[in-house]
Amino acid sequence: MADMITIMESGKCMECGAKEIDGLSCFELFGYPLVWEHQAPELYALHFWLVSCYMIQHPSHYTQEGYRLLVQLFTEAYDHGWNNSEIQKRNREVVGQIGKIANPLASKDRNRSLKYWSMTIEDLYLGGEEHAIANLLKWRDRIRSEIK
Ligand SMILES: [Zn+2]
């Protein structure tokens, strides 16, 4: 994900609706919990959930099939309470199945449409490092109930 995956318009992410805070774009906000988890093994243990919650709110990063598989993996892992090794095993199978799941179009050429989510990376950032785990678990629950 070297590419900037989000675009801000009028101070809001064009896809997930996160507001710009402290001059940070949606993708820059996402950088914060990724740093926090380096110091916090219990947060790092939830890495899959952090990344998949964020990415589910940014479908333009994926091909249509890639996005469908991401949502499917998230849903199955959530509903079955999979641990990390089960998730990784399934993830390898899924990626092996279709090869490239990232959208081949350059970031600026992708179609983005705004969808309402009750929680975004904005909430995780604002809650701060201290509440990151609780907020991530809440974010995961919200997304599970908001995806079909
Ligand atoms: Zn966003």
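Colleague: What is the handedness of the crossing where α3 passes α4?

Modeller: Bear in mind that this is a predicted model. The two helices, α3 and α4, have axes 10 Å apart and pack at an angle of about 135°, which makes α3 oblique to α4. As for the handedness, the crossing of α3 past α4 is left-handed.

Colleague: And how many residues in the contact of α3 with α4 are polar?

Modeller: On the α3 side you have S52, M55 and I56, and they meet L70, V71 and F74 in α4. Five residues of that contact are nonpolar and none is charged. The polar count for α3 with α4 is one.

Colleague: Now α7. Are α3 and α7 parallel, perpendicular or oblique to each other?

Modeller: Helix α3 covers residues 47-56 and helix α7 residues 132-146, and their axes come within 10 Å and cross at roughly 45°. The crossing of α3 and α7 is left-handed. Angles under 35 degrees would count as roughly parallel and 65 to 115 as roughly perpendicular, so α3 and α7 are oblique.

Colleague: How many charged residues sit in the contact of α3 with α7?

Modeller: W49, L50, C53 and I56 come from α3, and they meet L136, W139, R140 and I143 of α7. That contact divides into seven nonpolar residues, no polar ones, and a charged count of one.

Colleague: Which elements cover the buried residues of α3?

Modeller: The buried residues in α3 are W49, L50, S52, C53, Y54 and I56. In general, nonpolar side chains in soluble globular proteins tend to be buried together. The cover over the buried part of α3 includes α1, α4, α6 and α7.

Colleague: Which residues touch the most other members of the largest nonpolar core?

Modeller: That core has 28 residues. The elements giving two or more residues to this core are α1 (26-39), α3, α4 (64-80), α6 (121-127) and α7. Leaving out residues up to four places away in sequence, I121 touches C16, A18, C26, L29, F30 and Y54. The residues with the most contacts to other members are C26, C53 and I121.

Colleague: One more: is P41 buried or exposed?

Modeller: P41 lies in helix α2, residues 41-44. P41 and Y67 are 26 residues apart in sequence and 28 Å apart in space, C-alpha to C-alpha. Because P41 has 8 C-beta neighbours inside 10 Å, P41 counts as exposed.

Notes. Residues are numbered from 1 along each chain as its sequence is written. This is a predicted model: local features need pLDDT of at least 70, side-chain atom pairs count only at pLDDT 80 or more; totals for chains, interfaces and linings use all residues. Axes are lines fitted to C-alpha atoms, for helices over the stretch in contact, and angles run from 0 to 180 degrees between N-to-C directions. Helices (H or I, at least four residues) and strands (E, at least two) are DSSP runs, numbered from the N terminus. Angles under 35 degrees count as roughly parallel, over 145 as roughly antiparallel, 65 to 115 as roughly perpendicular and the rest as oblique. A crossing is left-handed if the near helix is turned anticlockwise from the far one by less than a right angle, and right-handed if clockwise. Two residues are in contact if their C-beta atoms, placed from the backbone, lie within 7 Å. Ala, Val, Leu, Ile, Met, Phe, Trp, Tyr, Cys and Pro count as nonpolar, Asp, Glu, Lys and Arg as charged, and the others, Gly among them, as polar. A nonpolar core is a set of buried Ala, Val, Leu, Ile, Met, Phe, Trp, Tyr and Cys residues joined through C-beta atoms within 7 Å. A residue is buried if 20 or more other C-beta atoms lie within 10 Å of its own, exposed if 12 or fewer, and partly exposed in between; C-beta atoms are placed from the backbone.
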